[in-house]
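My notes follow in the order of looking.

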Amino acid sequence: LFYVHPRSQEVAAFDKLGDKIHDDKLVGNPVAIVAKVDVSKQLYLKERFQLVQAPKIIMFSKGFMYEFEGEINFDDLYSWVQGKFRNSAASKKVPRGWREMTLIEQATSFLHQHREWSAALGAA
């Protein structure tokens, strides 16, 4: 869950999902890994995954990312992470991270993230 200021019902649904996944893991069922990320503090992730608005729930699977669509509630979230996400037509390739980039790509990404520096360098 990528968020800035989530509503309490969204947090409750996501926390319940985390508890259910933990219980599933204890009995040996395959599970998804869930995490909450405050994108106001993790600007790199906001940029990398092109998060325009929050909250945003993204499933990562086999090099692709799938965005959850709909009202955030426990039942829909749980069925989605159990495999329903694969039915989503809206999948994108996961953008490469810093370590997978070439030096030129890293420099370009850095300047893109720090536009004021890029503008100053262009003016020099």
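Predicted model: local features only at pLDDT ≥ 70, side-chain atom pairs only at ≥ 80, totals over all residues.

Entry on strands. I looked up E3 and E4 and found 4 bridges joining them, in an antiparallel arrangement. The two strands form a hairpin with 2 residues between them. In that turn I read a positive phi of about 50° for Lys62. Which residue stands opposite Phe60 in E4? I found Met65 there. On E4 I then checked for another partner: 3 bridges join E4 to E5, residues 91-93, and this pair also runs antiparallel. Here Met65 stands opposite Lys92 of E5.

Entry on confidence. I read an average pLDDT of 80 for the protein, with 85% of the residues scoring at least 70. Where is confidence lowest, and where highest? The lowest mean, 58, belongs to helix H5 (residues 115-123), and the highest, 91, to helix H3 (residues 74-81). I went on with H3.

Entry on H3. I listed Phe74, Leu77, Tyr78, Trp80 and Val81 as buried. Viewed down the axis of H3, the buried residues fall within an arc of 165°, so they line one face of the helix. I then looked for what they pack against, and found helix H1 (8-26) together with the strands E3 (58-61) and E4 (64-67).

Entry on the ends of H3. At the start, I found a side-chain oxygen of Asn73 within 3.3 Å of the backbone nitrogen of Asp75. After the helix comes Gly83, with a positive phi near 140°.

Methods. Residues numbered from 1 in each chain as written. Heavy atoms only, no water. pLDDT = per-residue confidence, 0-100. Buried < 20%, exposed > 50% of the residue type's maximum accessible area, 1.4 Å probe, protein only. Arc of directions from axis to C-beta. Contact = heavy atoms within 4.5 Å. Polar contact = N/O pair within 3.5 Å; in protein donor to acceptor, adjacent residues only side chain to side chain. Pairing = 2+ DSSP bridges.
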